[in-house]
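Student: I have a protein model open on my screen, and I would like to learn how to read it. Could we go through it together?

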Amino acid sequence: MVSFLIAYASWSGNTEEVAEIVEETLLSEGMDVAVHRIGIGPMPDPRQFAALVLGSFTWDKGATPEEVKDFVADIGYKPRNVYVFGTGDTQFGGEDLFCHAAVKLARFYESAIAPLKIEQSPRGTQEKKVIEWSKGVVQHWQHLHALKY
Ligand SMILES: Cc1cc2nc3c(=O)[nH]c(=O)nc-3n(C[C@H](O)[C@H](O)[C@H](O)COP(=O)(O)O)c2cc1C
């Protein structure tokens, strides 16, 4: 079975909620999923997974949280097939800084699909957006790995 690693950082729970919806959707699409909360427990090895789905909130004027930077450094190489989601709040600098950590991470990993940006909690109207994005991740991965005859 194809196994995806979801690794996310969350302080107040919003990014964790997105991670949960991503997990549910990947499972419903037939993927195997492992979830790692960044900064807690042993460091997973992305090499053991088909893809890394990385989630981060944004901090301090568009900054990436230190634990996420450490996680990226600890991986020690740049995995392919990285998909990024983030939560943020437009009141902290408008569209320019909204979910800026997710945008920077997606650029760093040269992610093939645009990062998902969620304003605060995904529950309610934004839940559909998370589900659609997660399905897009699976479709992209499947397209990339389709057998070529
Ligand atoms: C001090 C502070 C600074 C923040 N700076 C930004 C920011 O620059 N850009 C942004 O989109 N969100 C910013 N946020 C909003 C958080 O990213 C948002 O609340 C996020 O959903 C928190 O994620 P978590 O609940 O998973 O910890 C900031 C929040 C705080 C408290």
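Student: Which pattern does the chain follow, read along the sequence?

Tutor: Keep in mind that this is a predicted model: local features need pLDDT of at least 70, side-chain atom pairs count only at pLDDT 80 or more, and totals for chains, interfaces and linings use all residues. Residues are numbered from 1 along each chain as its sequence is written. Helices (H or I, at least four residues) and strands (E, at least two) are DSSP runs, numbered from the N terminus. Here the pattern is β-α-β-β-α-β-α-α-β-α, with five helices and five strands.

Student: What does UniProt list for residues 4–138?

Tutor: UniProt positions are given in the numbering used here, feature names are shortened, and annotations may be inferred rather than shown by experiment. The record, an unreviewed entry, gives "domain: Flavodoxin-like" for residues 4–138. Over that stretch the chain is 37% helix and 21% strand, and the end C-alpha atoms are 10 Å apart.

Student: What does the radius of gyration of the chain agree with?

Tutor: The radius of gyration is taken over C-alpha atoms, and the globule rule is 2.2 Å times the number of residues to the power 0.38. For 149 residues, a compact globule would have a value near 15 Å; the chain has 14 Å, which agrees. Along the principal axes, the C-alpha atoms fill a box of roughly 50 × 35 × 25 Å.

Student: How many residues are in the largest nonpolar core?

Tutor: In soluble globular proteins, nonpolar side chains tend to be buried together. A residue is buried if 20 or more other C-beta atoms lie within 10 Å of its own, exposed if 12 or fewer, and partly exposed in between, with C-beta atoms placed from the backbone. A nonpolar core is a set of buried Ala, Val, Leu, Ile, Met, Phe, Trp, Tyr and Cys residues joined through C-beta atoms within 7 Å. The largest one here has 39 residues, and Phe4, Ile6, Val22 and Val53 have the most contacts inside it. Elements giving two or more residues to this core include strand E1 (3–8), strand E3 (51–57) and helix H5 (127–144).

Student: Which residues is Phe4 in contact with, leaving aside its neighbours within four places in sequence?

Tutor: Two residues are in contact if their C-beta atoms, placed from the backbone, lie within 7 Å. For Phe4, the partners include Leu26, Met31, Val33, Phe49 and Val53.

Student: Is Asp60 buried or exposed?

Tutor: Asp60 counts as exposed, because it has 10 C-beta neighbours inside 10 Å. Asp60 sits in the loop between E3 and H2, and has a positive phi of about 45° although it is not a glycine. Asn81, in the loop between H2 and E4, also has a positive phi, of about 55°. With 19 other C-beta atoms within 10 Å, Asn81 is partly exposed.

Student: How many residues surround the ligand?

Tutor: A residue is near a molecule if its C-beta atom, placed from the backbone, lies within 6 Å of it. Here 23 residues surround the ligand, and the closest are Ser10, Asn14, Thr15, Phe57 and Gly88. H1 gives the largest share of this shell, three residues.
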